[in-house]
Amino acid sequence: MSWTALDALGADRNMVAARINGRLMDLATPIAEADDVEPVLIDSEEGLYILRHSAAHVAAQAVQRLFPEAKLGIGPPITDGFYYEFDVPEPFTPEDLKAIEKEAIAIAKSGQEFRRRVVTEDQAVAELAHEPYKLRLIGSDGGAEVMEVGGVELTVYDNVDRKTGEVCWSDLCRGPHVPNTSYIPPNAIKIMRSSASYWLGDQANESLQRLYGTAWPSKDALKAYLTFLEEAERRDHRRLGTELDLFSFPEDIGSGLAVFHPKGGVVRRVMEDYSRTRHEEAGYEFVNSPHITKSQLFEKSGHLDWYAEAMYPPMHLDAVVDAEGQVRRQGADYYLKPMNCPMHNLIFSARGRSYRELPLRMFEFGTVYRYEKSGVVQGLTRARGFTQDDAHIYCTHEQMAGELDSLLTFVLNLLRDYGLEDFYLELSTRNPEKSVGGEDEWNQATQALREAATKQNLELILDEGGAAFYGPKISVQAKDAIGRTWQMSTIQVDFQLPQRFDLEYQGSDGTKQRPVMIHRALFGSIERFFAVLLEHYAGAFPPWLAPVQVIGIPITDDHVDYLEDVAAKLRHRGVRVEVDTSDDRMQKKIRNAQRAKTPYMLIAGDDDVAAGAVSFRYRDGTQNNGVAIDAAIEEIVTAINDRVQV
C-alpha cells in the first residue's frame with residue numbers, strides 16, 4: 001500500500017503541508033511507516049509561508065494568462081506576502097493590477113491541484129526553453145530567496161485541472177505547495193503593487209517588473225492586515241516628517257541624505273543630550289573623529305576586503321605634478337568613513353595603556369557614509385549618511401562577561417526611557433566563509449554573549465551565520481506601538497581588530513596583553529532611531545521629546561500679553577513654548593496645534609486673566625479650565641521631567 005503524508009495525518013482543511021523527517025514537504029509526498037510526520041497548519045508560520053508561496057504561483061499564472069509574452073523571474077514568499085518578477089514590454093498599470101487580481105481570484109476558486117514532478121536538468125531545459133530566466137537558474141543552488149532551485153532534487157510543479165486532468169500552468173520550483181488552489185481563500189488574496197527590480201537584485205542585470213501581493217487564511221485576516229497597513233501608512237515617518245516640518249531630502253543634496261529642520265533639530269538634540277547624560281553617568285568618555293581617512297586605515301581594519309561595495313568611491317588627493325607633467329609627490333586615496341571603530345582604535349593606541357584604565361569606554365556621535373543601492377534607500381531608516389551613537393569598550397578577558405552583562409542592561413534600560421518596552425534578542429554567529437580569526441576565539445566570544453543575553457530573561461533567537469566578519473553579535477529587536485519589529489542596538493565582541501591594530505595594555509604582572517574590543521551602537525543611528533520613535537508615537541512625541549511642548553492660544557488679541565508672560569515663566573523652567581499670535585480664530589489655532597501634535601495648549605480669556613489662571617487643553621481633546629498659572633507650570637514641568645506620555 002502506498003502511503004502519503006495526508007494518509008498518515010488525516011484529512012484536515014487547516015493542514016497545508018507536512019514536516020517529514022525534518023523536511024517541509026507536500027501532503028501528497030509518499031512516506032514509509034517508519035517516517036516521522038508532523039502536520040503544518042495553515043495559520044502557523046510555515047503554513048503561511050506555503051500559502052503565500054502558492055499564491056505567488058497563482059498570481060504568476062494570472063499574469064501569463066493576461067500577458068502571454070511575460071517571462072517568469074523568481075517568486076518567493078516574503079514577510080506578510082509574496083512577490084513575483086516578470087520581464088514584460090511595459091510596466092504594469094493600476095488597471096493591470098486589478099485585472100491580475102481578478103484573474104488570480106478566479107484561479108484560486110477553480111481548485112487547480114499542485115502536482116510535483118522530479119525532472120532532470122535536460123528535461124527542465126527542454127520544458128522551459130521559452131523561459132530564459134528559469135534556464136539561468138537550472139544547475140545553480142539558488143539561495144534562500146530563490147524558490148525555484150536549491151533543494152535535494154530539481155522539481156517542476158504543474159497546476160492541474162482536477163476535472164479534466166489538463167495541465168493549466170507549470171513552473172520550476174522546489175516547493176512545497178498547498179494541495180490545491182482552493183486552499184487559498186479567494187476573498188483573502190490581494191495584489192498590492194508593482195515596482196521595478198533587477199534580475200537577482202544585481203543592477204548590472206535586466207530590469208524587471210516585480211508584482212507584490214499578499215494572502216491570508218481568511219477574509220478577516222486579510223482585512224486586519226490591510227487595516228494594519230493603513231495605520232502604518234498614517235505613521236510613515238517620511239509623511240510625518242513633511243507634515244510636522246521635521247526634516248527633508250533635498251534633491252540638490254542627493255539620495256539618502258537628510259537635512260533636519262529646526263523642529264526636527266530640537267527632537268534630535270534632546271535625544272542626543274539625554275543619551276550623553278546617561279553615558280556620562282555610566283562612565284563613558286567622549287571622543288571625536290574625522291569624516292574621511294586614508295585608505296590604509298581601512299586596509300588595516302579589513303573593511304576594504306569585506307566592506308568596499310558599501311563604501312563611497314575613493315577620492316585621490318595630495319598628488320603633486322610639476323609643469324612638465326612629472327609626479328613630484330604621490331597622492332593617496334581617501335574614503336568617507338563607513339564606521340568609526342578603526343579611528344577609535346587609533347585613539348586607544350595613541351599612548352601606552354595600563355590595565356588600571358580598563359574597561360575603557362569610548363563614545364562618539366560619529367557621522368558615517370555608506371553607498372546604499374538606490375533601490376534600498378528608504379527615508380531615515382536606510383540612509384546613505386547618518387550619525388551613529390557609537391561606543392567601543394576595551395576590556396580584559398576577565399572583565400568581558402561582566403561588561404557585556406552591564407552593557408546589555410544599560411542598552412535595554414535606555415531604550416525603555418525612550419518609550420520602547422517590548423524586546424527580544426537575536427544572537428548572530430559565525431559564517432566560516434565570511435570571517436577572520438580562530439574558532440576558539442569565536443566560541444569564547446559567542447558564549448559570553450549568550451550568557452549575557454540569557455540573564456535578561458528575554459526570548460533569544462539564533463541567527464546562524466549572520467555575524468560580521470570580525471565577531472559575533474547580539475542585536476536588540478524592539479516592537480513598536482503597532483507590533484512591528486525594529487532592529488535597534490547591536491553589541492559585538494571582537495578579538496580581531498585589536499590584533500590587526502596591535503592594541504596592547506600593560507597587565508598587572510607587567511606583561512603586554514591584548515584587550516577585548518566590544519562594539520556597541522545603541523540607537524543604530526540617530527536618524528533611524530528618530531524615524532522609529534516618530535512612527536512609534538505617530539508623531540505625537542511625549543512632552544519631553546516634543547519639539548514644541550506648549551502652545552499658548554489667546555481667545556482675542558487682548559490676551560496675547562498675558563500668555564506671553566506665562567510663556568516667559570515656562571521658558572525660565574526650560575519648557576519649549578510658543579504663543580500663537582496669528583490672525584486665525586481661536587478654534588483654528590486649536591486645530592493647528594492639534595495637527596502639530598503639541599502636548600499642551602494653554603488657552604486664556606477674560607475669566608482666566610481675572611483669576612490668574614489658564615485653561616488646559618490636552619492633545620487628546622480633554623480640557624481642564626481655570627488652572628492657576630503656577631499649578632499649570634508645575635504640571636507641565638513634572639510631566640517633562642518624568643518623561644510621561646500625554
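Glutamate 426 lies in strand β24, which covers residues 422-428. The model described here is predicted. Glutamate 426 is buried yet has no salt bridge. The nearest side chain of opposite charge belongs to lysine 473, 6.4 Å away. What does glutamate 426 touch, leaving aside its neighbours within four places in sequence? Its contacts are Leu460, Ile461, Asp463, Lys473, Ile474, Ser475 and Gln477.

**The sheet around β24**

Strand β24 belongs to an open sheet of 8 strands with mixed pairing. The order is β16-β22-β23-β30-β27-β26-β24-β25. Which strands stand at the edges? They are β16 (285-286) and β25 (460-463). Each has a single partner strand, so one side of each is left without a neighbour in the sheet.

Strands of a sheet pair through backbone hydrogen bonds, either parallel or antiparallel. Strands β22 (residues 360-369) and β23 (residues 385-395) run antiparallel. They are joined by 10 bridges. Within this pairing, arginine 361 stands opposite isoleucine 393 in β23.

**The chain as a whole**

The chain has 19 helices and 35 strands. Its C-alpha trace spans about 90 × 75 × 65 Å along the principal axes. Of the 646 residues, 50% are buried. Among contacts with a separation of 6 or more, 68% are between residues 24 or more positions apart.

**Salt bridges**

Side chains of opposite charge can pair when their charged atoms come close. How many salt bridges does the whole structure hold? A search finds 34. Some of them are set out here.

| Arginine 117 | Glutamate 127 | 2.9 Å |

Lysine 455 and aspartate 405 link distant parts of the chain, 50 residues apart. Lysine 455 is in the loop between α13 (439-454) and β25. Aspartate 405 is in helix α12 (residues 397-417). Is lysine 455 buried or exposed? At 56% relative accessibility, lysine 455 counts as exposed. Aspartate 405 is partly exposed, with a relative accessible area of 23%.

The salt bridge between arginine 117 and glutamate 127 has an N to O distance of 2.9 Å. Arginine 117 lies in strand β9 (residues 113-118) and glutamate 127 in helix α4 (residues 121-127), so the pair ties together parts 10 residues apart in sequence. Arginine 117 is partly exposed, at 27% relative accessible area. Glutamate 127 also counts as partly exposed, at 34%.

Arginine 235 counts as buried, with 10% relative accessibility. Glutamate 231 counts as partly exposed, with 21%.

Salt bridges also form a network. Its members are Arg268, Arg269, Glu272, Asp273, Arg276 and Glu527.

**Aromatic rings**

A pair of aromatic rings is described by the distance of the centres and the angle of the planes. The structure holds 28 aromatic pairs. One of them joins phenylalanine 247 and phenylalanine 530. Their centres are 5.9 Å apart, with 80 degrees between the planes, and the pair is edge-to-face. This pair links distant parts of the chain, 283 residues apart. Phenylalanine 247 is in strand β14 (residues 247-248), and phenylalanine 530 is in helix α15 (residues 526-536). Both residues are buried.

Tyrosine 600 and tyrosine 618 have ring centres 6.0 Å apart and planes at 65 degrees, so this pair is edge-to-face. Tyrosine 600 lies in strand β33 (residues 600-604) and tyrosine 618 in strand β34 (residues 613-618), so the pair ties together parts 18 residues apart in sequence. Tyrosine 600 is buried, with a relative accessible area of 2%. Tyrosine 618 is buried too, at 14%.

Phe247 and Phe530 also belong to a cluster linked by ring pairs. The cluster includes Phe249, Phe260, Tyr537 and Phe541 as well.

**Charges over rings**

The charged end of arginine 268 sits over the ring of phenylalanine 260, 4.9 Å from its centre. Arg268 is one of the residues in the salt-bridge network, while Phe260 is in the ring cluster. Elsewhere, arginine 210 lies over the face of tyrosine 83, at 3.8 Å from the ring centre.

Definitions and conventions
Residues numbered from 1 in each chain as written. Predicted model: local features only at pLDDT ≥ 70, side-chain atom pairs only at ≥ 80, totals over all residues. Heavy atoms only, no water. Helix = DSSP H or I, 4+ residues; strand = E, 2+ residues; numbered from the N terminus. Buried < 20%, exposed > 50% of the residue type's maximum accessible area, 1.4 Å probe, protein only. Lys, Arg positive; Asp, Glu negative; His and termini not counted. Salt bridge = Lys/Arg side-chain N within 4 Å of Asp/Glu carboxyl O. Contact = heavy atoms within 4.5 Å. Phe/Tyr/Trp six-rings, centres within 6.5 Å; stacked < 30°, edge-to-face > 60°. Lys NZ or Arg CZ within 6 Å of the ring centre and 35° of its normal. Pairing = 2+ DSSP bridges.
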